[in-house]
Amino acid sequence: MTPSELHPRKRTSEDDAGTNKRLKLTADSGTTDDHTEDLKLILPKPVTTNPAQFADRKRHIETIANIIKLKRPSLKTPKLKAIEIEYDIARNTTHRTYASTLRNAILKLQHPEKFQSGNQVKKRSQEDVLKLLKSIEIPISKLRKYGYVMSVPESIPNAKITRNCQRCDTEFKLSQQLEPTTCEFHYGKIRRNPDNKTRYYECCLGPKDDCKPCDKHKYHVYQDQSVEEKQSMRSYVKTEEIFEQKGKYRVLGLDCEMGYTTKGFELMRVTAVDYFTLKTVMDTYVLPFGEIVDFNTRFSGISALDGDFVSFNQMIQELGTVMDKDTILIGHGLENDMNALRLIHSHIIDTSILYPKFESTPTSRKSLKDLTFKYLSRNIQVGDHDSAEDSIAAIEIVRYHVDKDGCGIKQST
Ligand SMILES: [Zn+2]
Ligand SMILES: [Zn+2]
């Protein structure tokens, strides 16, 4: 992943045309050297259960890299791209499904035009789609179970004068948060090695038990933990109480970006994408309460505060023009976004609940990246951060659920 160093420009509708997105297989930053692109040096990334022989995986990566070279000559790192594509296939398949999934992926790379979903999706009227979506809204009791706040909580401030750093777990005094120090950490998740015993960091591939942190910052950061604490900082409100006018859109994909401030992990950007057109209908930067500690650029795509930022209340007003209390909101792990927005809303389709990892353990979720790969055979979150990308991926997973998975009746696994 490449943190975008520049302030992201505001997106236009043209950027978000559905076909563009679907065909967008890569977003390489273009930094490379000739050695890493030597095909002889291809090394498949380790996966928990190897679905194919190492030599075969290597050969497939070569094939993919050659197609990418041919199809996208402007891309400077076809090998790295190919390794990523093959890795996503390898960790999402078994020895039975690896070959066919790989064949499909190769076919798609060779003939992307054949895979535009317009060719495959049955045409339904907007009203019919709305009815179907209504039928798969997550019930309120289930939303609660998954951490959604459904009634205004009690306000209980966190009275402690210290916090533990979210990244390195060091305890620090809140009053000294902006005094430079050294916070060393891994930004990636921990994954299991193929031997199933040892684990490694996704960010630097270093072994979990014997690896120096691969990233460093000047300050420690923290996140408010409980909903009561959140309520004490800013009140939750029900959408039915504040969005009285009819919003423009019936179904929206919603995604929030957060950054670290002296008041915790705060909302900094809200993106909304229309379900039917995949156009970005809102992309608003929000001024946080506290002083900036870390923009979390790698994940938020934000690296500076500028004139584009509006107050939290202005953002809520803007949101009220695109949605209302009846708008169906789509997202992945959307409870985090709703918490950041302090909104209580009952019409939610959360892809992490639609396709859970295990029915019985709500806390363990599949990542949006994995779901997108499994159901849409598409790679997301590679290269520069793109705020609308996650919303579009969640929308397309819901479309898949409705159009091809028969609303989950014939669950494909
Ligand atoms: Zn690391
Ligand atoms: Zn720290």
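Leaving aside its neighbours within four places in sequence, which residues is Ile395 in contact with?

Mentor: Happy to. Please keep in mind that this is a predicted model. Once the neighbours within four places in sequence are set aside, Ile395 is in contact with Gly253, Val273, Tyr275, Leu278 and Ile330.

The largest nonpolar core has 58 residues, and Ile395 is listed with Leu252 and Ile330 as having the most contacts inside it. Helix H14, residues 387-403, supplies nine residues, the largest share of this core. A second, separate core has 15 residues, among them Ile83, Ile85, Ile89 and Leu102.

Leu278 sits in the loop that runs between strand S9 (264-274) and strand S10 (280-286). The phi of Leu278 is near 60°, which is a positive value in a residue other than glycine. Is Leu278 buried or exposed? Leu278 is buried, because 22 other C-beta atoms lie within 10 Å, and the cut-off for burial is 20 or more.

Asn296 has 21 C-beta neighbours inside 10 Å, so it counts as buried. In helix H9 itself you will find Arg298, and this residue is partly exposed because it has 15 other C-beta atoms within 10 Å. Arg298 and Tyr187 are 111 residues apart along the chain, and their C-alpha atoms are separated by 9.1 Å.

Gln231 belongs to helix H7, residues 227-233. Between the C-alpha atoms of Gln231 and Ser155 there are 5.1 Å, while 76 residues separate the two along the chain. Beyond its neighbours within four places in sequence, Gln231 is in contact with Pro153, Glu154, Ser155 and Tyr236. Gln231 has 19 C-beta neighbours inside 10 Å, so it counts as partly exposed. For the protein chain as a whole, residues 24 or more positions apart account for 68% of the contacts with a separation of 6 or more.

Now for the second core, which includes Ile83, Ile85 and Ile89. Helix H3 covers residues 78-92. This helix has 15 residues and reaches 21 Å from its first C-alpha to its last, close to the 21 Å expected at 1.5 Å a residue. Which residues of H3 are buried? They are Pro78, Lys79, Lys81, Ala82, Ile83, Ile85, Glu86, Asp88, Ile89 and Ala90. An α-helix has 3.6 residues a turn, so residues three or four places apart point the same way. The cover over the buried residues of H3 includes helix H2 (54-71), helix H4 (98-110) and helix H13 (368-376).

Take H4 first. The axes of H3 and H4 come within 9 Å and cross at roughly 145°, and H3 passes H4 in a right-handed crossing. On the H3 side, the contact is made by Ile85, Ile89 and Ala90, and on the H4 side by Tyr98, Thr101, Leu102 and Ala105. Ile85, Ile89 and Leu102 are also members of the second core.

H4 has a meeting with H2 as well. Their axes come within 10 Å and cross at roughly 15°. H2 and H4 are therefore roughly parallel to each other, and the crossing of H2 past H4 is left-handed. His60, Thr63, Ile64, Ile67, Ile68 and Lys71 of H2 make this contact with Leu102, Ile106, Leu109 and Gln110 of H4.

Just after H13, Ser377 takes a positive phi of about 45°.

To step back to the overall picture, the protein chain has 14 helices and 15 strands. Of its 413 residues, 34% are buried.

Notes. Residues numbered from 1 in each chain as written. Chains lettered and ligands numbered in written order. Predicted model: local features only at pLDDT ≥ 70, side-chain atom pairs only at ≥ 80, totals over all residues. Helix = DSSP H or I, 4+ residues; strand = E, 2+ residues; numbered from the N terminus. Buried ≥ 20, exposed ≤ 12 C-beta atoms within 10 Å, placed from the backbone. Contact = placed C-beta atoms within 7 Å. Core = buried A, V, L, I, M, F, W, Y, C linked by C-beta atoms within 7 Å. Expected span 1.5 Å × (residues − 1). Axes fitted to C-alpha atoms, helices over the stretch in contact; angles between N-to-C directions. Parallel < 35°, antiparallel > 145°, perpendicular 65-115°, else oblique. Left-handed = near helix turned anticlockwise from the far one by under 90°.
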